[in-house]
There are 2 protein chains.
Amino acid sequence: MAKNKANKNEIDDTIGITSPKSDLPEWYSEVILKSGMAEYAPISGCMVIRPYGYEIWERIREHFDSLIKKSGHRNMYFPLFIPDRFLKKETEHFSGFKPEVAYIDKKETDEKGKTEKYALRPTSETIIYHSYAKWIRSWRDLPLLFNQWCNIVRWETKATKLFLRTREFLWQEGHTVHESDEEASKEVMLIVGYYKKVMENLLAIPVLVGKKTENEKFAGALYTTTLESLMPDGKALQMGTSHNLGQNFAIAFGIKFRDRDETEKYAWQTSWGISTRLIGALVMTHGDDKGLVLPPRIAPIQAVIVPIIFEKNKKEVLREAMRIKRVIDKFRVEVDDRDDYSAGWKFNEWELKGVPLRIEIGPRDIRNKEVVLVRRDNGKKIHVKMRNLKSITEKTLNEIQNNLFRKAKSFLESNTKVASNFNEFKKLLADKKMIKANWCGESSCEDEIKDKTTATIRLIPFEKENLKGKCVHCGKKAKYVVYFAKAY
Amino acid sequence: MAKNKANKNEIDDTIGITSPKSDLPEWYSEVILKSGMAEYAPISGCMVIRPYGYEIWERIREHFDSLIKKSGHRNMYFPLFIPDRFLKKETEHFSGFKPEVAYIDKKETDEKGKTEKYALRPTSETIIYHSYAKWIRSWRDLPLLFNQWCNIVRWETKATKLFLRTREFLWQEGHTVHESDEEASKEVMLIVGYYKKVMENLLAIPVLVGKKTENEKFAGALYTTTLESLMPDGKALQMGTSHNLGQNFAIAFGIKFRDRDETEKYAWQTSWGISTRLIGALVMTHGDDKGLVLPPRIAPIQAVIVPIIFEKNKKEVLREAMRIKRVIDKFRVEVDDRDDYSAGWKFNEWELKGVPLRIEIGPRDIRNKEVVLVRRDNGKKIHVKMRNLKSITEKTLNEIQNNLFRKAKSFLESNTKVASNFNEFKKLLADKKMIKANWCGESSCEDEIKDKTTATIRLIPFEKENLKGKCVHCGKKAKYVVYFAKAY
């Protein structure tokens, strides 16, 4: 059912998730479809993001947007369409995207009478920098700190996968311009810090942070920084990237500024992005055999109140459920008052949907002036006196958030292993580990490792370690300690 | 310079606006380009929304989004692409959009081995309702209240105009499903009420509200409601529409639900939208010969503090300007501390950008413990004691908001005239008036009026008036009092 077939949205009617998480691809599709987050669209390789999934994206957006706005960034909107000649201006950039570029059937005649083809943006560097060249005149116009939230089209030829690889996806792309390499580098790291906050504090997904190798960097960048997480199948997922573009695009598009010394200089640029792919990472990182598990800070519903109803005291219990909702209305709470489903059925459904906290209230609880809280992350039940409900709810939601991060962090740590030779390397890879190893720094050696194992260097960590020893593959003197993994 | 030419963004370097507002098309482009709201993109008929314009859209979006969320609507995201066969399912709908539909160059083979063309959404009814047909099973699934914020592509053949008609624009499209015609109608009117709030309370643009005629309704709707404003050139601008789709799409796409009585019924639907076009209306409604005039509630910057600097007390004045900013930091305030521009130059620039309130502070003001406020809407200067600054700022911003609405309302009222015969009608139209007149209710009569004058019926107001008299054109017994105008 993970396949992108005609019947791709058709899942069995069994209540609850039928595939165990160990069958990751089947489990992943089933969880996303049954929880109502998203489904395959009737366009090959595209998806429909349903409200339950979209609310997660809205929260990511609000969180990141407020961080960049506070540091002086502003939003804008450039067209979906990019003239083909723009894409081709920065050769390295274009060759990186070429196979995935889709065009529209409308052609126009440009100023010089040439027929102009329009691409759908696979990323917007070129069209944005065409404008920046006109907007920027002087050092006084810098730094220029702009961003846009938009849809992106990359006509993937590889198999697509809900949230992780679709032919259209949503993202933000930041595009900033600076006076110097140093300032651009600072911006790159500022954004890496914001991304880490979104991933670790909001989504509870721990990430490794560092630079990409020359082979793996963004097409057209001076260098690329990346945030990588480890999925349950041992594959790394690139969660976000922040590039120092150097002066490559500035030279191609003529982005110059008159500096304080009255000379004209090419500007330094950065670009950076995160996308709806983060939602895929969220599902895989925290979910379990019962379905989704959502960290409270990102969950559309943080607590669901399920009244335990018997015919004779139905009214009383429902009234009490509504009263409780008001007590904890600073959280995102729903009362499940549907009377055509049993309490057990509801428990399963809300577990599948990953709601962090379930609050059960029945006639006996009312008599005892208490409720039962059930944690989604570990299944623990807590009897709570009504008068403590608000504070215990807050405390428990925080605990769930922290526990999910801790669990994911411990998974990442215990599945990251050092390989000291290539045999160990291959064994660890077969064992689904992220591998830490010495590397000589040669692109050709990296290529050979990829050819032999399909694993790539995910990042060169920012904190350099003192190196003793040799490259895990070629045996030459090591230059870096790096992380290897197969990747999504 | 309003033309969509190669040099369309090239405006003279004169500081300030050179075209008077009475030359509306030239003035309009010049104001938008020079204020930095937007510019023509290097793709024919498309625009770049710059941060100063985009912030206005963000504020419209936040305002409307919070209204619909409070009433239980949720956001989602459907693909940009629509299979051609979907578009063609509702014949009337398709014929309404056909000339403007763009397709991508990627074709796919569908389930039946047929080649499938993908259109870029000109509106999303068809692809959304294809999914709704699967999502909706029972009356318990209703009402379904979903919305999406997205980009839209309509490959216009008419001349394009920044914000008002571009080949790509941003909008929201709400798509709801109901059990009955009555409920759908209620939803249509709920949204009309929200739209009116956005237009009148936020943008300070008064609107006329009513139904469209059969000729003018949305392709595929049972009926269309509309909100229309009157522009300075006497043309009406459609600001937003809310449609009762009846069961037309439900039948075409098979959206059925099992009702309480266990029978299967076709659902009733609505759709509704507002777009970045509203920003065009905002510019035209309030602007003047000096440039933009922004109502405080929508303005990206509500007040700008301009320090009057002389070399010897520069530090003191700048420090005081910063202090004042903190006093009124509940508003969106900027200090213009650039020292390479004169105060007079700054005044012009902020007037051009439509900032509602300018706060001047110089050495003498500091000695007198006061500042000077200058209103953008009427140019009035107010000397304000420092201790009253916060309360007077608040009061003045409110007054500006109300004054702009009052002025626009009085313009609408004084430029709406009753025509009792067709000669009067033509005279009033030549005189750039919105015309109120009796109409027989016949589409053919409406067509003839359009052929003769290019004016159309903008709306049939919700409040019916007692009718005495005959159709303004054909002289038959009148059925409605309606509003006529030429339209954008």
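Visitor: How many bridges join β8(A) to strand β9 of chain A?
Guide: Strands are DSSP runs (E, at least two residues), as helices are (H or I, at least four), numbered from the N terminus. Two strands pair if DSSP finds at least two bridges between them. β8(A) and strand β9 (residues 168-178) of chain A run antiparallel, and the bridges that join them number ten.

Visitor: What kind of model is this?
Guide: Residues are numbered from 1 along each chain as its sequence is written, while chains are lettered from A and ligands numbered from 1 in the order in which they are written. Local features need pLDDT of at least 70, side-chain atom pairs count only at pLDDT 80 or more, totals for chains, interfaces and linings use all residues, and the model is predicted.

Visitor: Which residue is the bridge partner of Leu145(A)?
Guide: Look along β9(A) for the partner. There, Leu145(A) is bridged to Thr176(A).

Visitor: Which residue stands opposite Asn75(A)?
Guide: Strand β3 (residues 74-75) of chain A pairs with strand β8 (residues 144-153) of chain A in the parallel sense, over two bridges. In β8(A), the residue opposite Asn75(A) is Asn147(A).

Visitor: Now chain B. Which are the edge strands of the open sheet?
Guide: Eleven strands form this sheet, in the order β3-β8-β9-β15-β12-β11-β10-β23-β24-β22-β21 (chain B), with mixed pairing. An edge strand here pairs on one side only. The edges are β3 and β21 (416-418) of chain B.

Visitor: Which residue does Gly210(B) stand opposite?
Guide: Strand β10 (residues 208-211) of chain B runs antiparallel to strand β23 (residues 456-461) of chain B, and two bridges join them. In β23(B), Gly210(B) faces Pro461(B).

Visitor: Which element gives the largest share of the side of chain B that touches chain A?
Guide: Contact means C-beta atoms, placed from the backbone, within 7 Å. The contact takes 37 residues from chain B and 37 residues from chain A. Elements giving two or more residues to the side of chain B include β2 (47-49), α2 (51-70) and α5 (125-135) of chain B. The largest share, three residues, comes from α2(B).

Visitor: How many nonpolar residues has the side of chain B that touches chain A?
Guide: Nonpolar covers Ala, Val, Leu, Ile, Met, Phe, Trp, Tyr, Cys and Pro; Asp, Glu, Lys and Arg are charged, and the others, Gly among them, polar. That side has five polar, eight charged and, as nonpolar residues, 24.

Visitor: Within chain A, which element gives the most to the side of domain 1 that touches domain 3?
Guide: An automatic or database assignment sets the bounds: domain 1 (30-286), domain 2 (303-395) and domain 3 (416-485) of chain A. The C-alpha centres of domains 1 and 3 of chain A lie 28 Å apart. The contact takes 16 residues from domain 1 of chain A and 15 residues from domain 3 of chain A. With four residues, the element that gives the most to the side of domain 1 is β10(A).

Visitor: Which residues have the most contacts inside the largest nonpolar core?
Guide: A residue is buried if 20 or more other C-beta atoms, placed from the backbone, lie within 10 Å of its own, exposed if 12 or fewer, and partly exposed in between. A nonpolar core joins buried Ala, Val, Leu, Ile, Met, Phe, Trp, Tyr and Cys residues through C-beta atoms within 7 Å. The largest has 269 residues, and most contacts inside it belong to Ile435(A) and Ile435(B).

Visitor: Is Asn402(B) buried or partly exposed?
Guide: Asn402(B) sits in helix α12 (residues 389-414) of chain B. Because 14 other C-beta atoms lie within 10 Å, Asn402(B) is partly exposed.

Definitions and conventions
Contact = placed C-beta atoms within 7 Å.
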